[in-house]
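Biologist: Could you take me through this model and tell me what stands behind the terms you use?

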Amino acid sequence: MDINTIRKETRGCKNKIFLNSAGSSLVPDPVFDRTISYLTEEARVGGYALAYSSLEETEEFYTEAASLLNCNPENIAYMTSATDAYAKAISSITFKEGDIILTTDDDYVSNQLTFISLKKRVGVKIIRAVNLPNGDLDLVNFEQLVKEYQPKLVALTHIPTSSGLVQDAEKVGEICQKYKIWYLLDACQSVGQLVVDVKKLKCDFLAATGRKFLRGPRGTGFLYVSDSALQADLAPLFIDMLGAKWTSEEDYELELTAKRFEFWESSIAGKLGLKEALKYANAIGMANIERYNAGLMAAFRVKLAAIKGLQLQDWGTQVSNILTFTMDHHTTDEISEHLKQHGVYFSISSKSSALIDFTRKNIESAIRLSPHYFNTPEELEKVVTILNF
Ligand SMILES: Cc1ncc(COP(=O)(O)O)c(C=O)c1O
């Protein structure tokens, strides 16, 4: 990995220490340039004419996303966000009263809200699998729950938003395949950060966003839909003229590919920007990115843990580029002010988005640092010095 070139192509990484890729990362120059050049041309010729003449390039979005996830372009749908992808995927399953959604305590806040909404409206039952004392998902218990309850859907968040934990999505995939359960994976924080291979994960749906570790534009995302889900005619509850062809007064024919999950209207500038982000990640190689990130974070965690009174809040055997911490002698607001004064960019995670996790950790909020491969060990060394206060 040529870190100097990568930093040169990341105009936002100068004069600050940017550690917020789990929020919204810094786009590399090719993403910025293509998005702007498309919008410039769109202003000149109009949206429809340019979309038509850009069709071939637009299709590259699907091939790049497929290459990132190890699937076919026909399994990919363009979305406006991970939540958009997730909502459309879950709406394709016909739930009835008493159906069970099996999920975890660490699943994303908006996904939990969706389950509760389905509970209120349809009467589904939500079961959350237990964790081992170290924070990992208890896979033995998980399989028992699948066997006992035969859930209609297993929903797992690969990496939670407010904790570094990486959930064992591959093992969960094996269990779902064994018991033939639909499996929806929220890979919003893992795509662009780790190698994410749908053949290994064995998921039926995977939701991803553009702006985080993938370094794409805001307002973009995508959904992976497995061949089995497509062949079972799973389609979003609200479908539009891209997703289906109106064949008679009372009927339609579904689009064959995952595009049936898209809406006709979308931002083409965003789609081409996201295509560039995917291309950029594929060119560097996700295995290289993952390896660099692991080295960066291992040293960072050890050094931060050595600061007196600093409590790392991430649990689990495998932890990621999301690092959360509190300090015994400073409030979150005080740490936040201090980091801002030193030009460090970060996020604050609060209990409202991690209700179960932060309740068991007995914290109201935590500072979230999320370095990525354009960050250097020297930058993180500086942050360690800054936090020694
Ligand atoms: C784990 C996880 N899932 C889903 C989302 C939602 O992503 P989006 O804002 O792109 O809908 C987030 C955003 O922070 C997230 O961290």
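Predicted model: local features only at pLDDT ≥ 70, side-chain atom pairs only at ≥ 80, totals over all residues.

Biologist: Thanks! How is the chain divided into domains?

Modeller: Domain 1 covers 3–25 + 285–387, and domain 2 covers 29–284. These bounds come from an automatic or database domain assignment. The C-alpha centres of the two domains lie 26 Å apart. Their contact (heavy atoms within 4.5 Å) takes 43 residues from domain 1 and 35 residues from domain 2.

Biologist: Now the holes. What makes a space a cavity?

Modeller: On a 1 Å grid over the protein atoms alone, a cavity is a set of points where a 1.4 Å probe fits but cannot get out, and its lining residues have an atom within 4 Å of a point. Grid points are joined across faces, edges and corners, and the volume is the space filled by probe spheres set on the points. The structure holds two cavities of 30 Å³ or more.

Biologist: What lines the largest cavity, and how does its lining divide by class?

Modeller: Its lining is made of Gly192, Phe213, Leu214, Arg215, Ala277, Tyr280, Ala281 and Tyr373. By class, that is six nonpolar, one polar and one charged residues. The classes work like this: Ala, Val, Leu, Ile, Met, Phe, Trp, Tyr, Cys and Pro count as nonpolar, Asp, Glu, Lys and Arg as charged, and the others, Gly among them, as polar.

Biologist: And why is the second largest cavity said to lie between the domains?

Modeller: Domain 1 and domain 2 both give residues to its lining, so the cavity lies between them. Its lining residues are Asp106, Asn131, Gly135, Ser163, Leu165, Trp315, Asp357, Arg360 and Lys361. They divide into two nonpolar, three polar and four charged.

Biologist: What makes Thr161 buried?

Modeller: Its relative accessible area is 14%, so Thr161 falls within the buried class. Thr161 sits in the loop between β5 and α9. Leaving aside neighbours within four places in sequence, its contacts are Tyr108, Gln189, Ile322, Ser349, Ser353 and Arg368.

Biologist: How do you know that the buried residues of α8 line one face of the helix?

Modeller: In helix α8 (residues 139–149), the buried ones are Asn141, Phe142, Leu145 and Val146. Seen down the axis, they fall within an arc of 140°, so they line one face. The arc is that of the directions from the helix axis to the C-beta atoms. On the other side of α8, Val140, Lys147 and Glu148 are exposed. The cover over the buried residues includes β3 (100–104), β4 (125–129), β5 (153–157) and α9 (169–179).

Biologist: Why is Gln150 called partly exposed, and what is its phi?

Modeller: Gln150 has 46% relative accessibility, so it counts as partly exposed. Gln150 lies in the loop between α8 and β5, and its phi is near 45°, a positive value in a residue other than glycine. Most residues other than glycine have a negative phi.

Biologist: Where is Asn70 found, and why is it partly exposed?

Modeller: Asn70 is in the loop between α5 (55–69) and β2 (76–79). Its relative accessibility is 34%, so Asn70 counts as partly exposed. The phi of Asn70 is positive too, near 65°.

Technical notes. Residues numbered from 1 in each chain as written. Heavy atoms only, no water. 1 Å grid on protein atoms, 1.4 Å probe; cavity = no way out; pocket = protein on both sides within 12 Å on 5 of 7 lines; lining within 4 Å. Buried < 20%, exposed > 50% of the residue type's maximum accessible area, 1.4 Å probe, protein only. Helix = DSSP H or I, 4+ residues; strand = E, 2+ residues; numbered from the N terminus.
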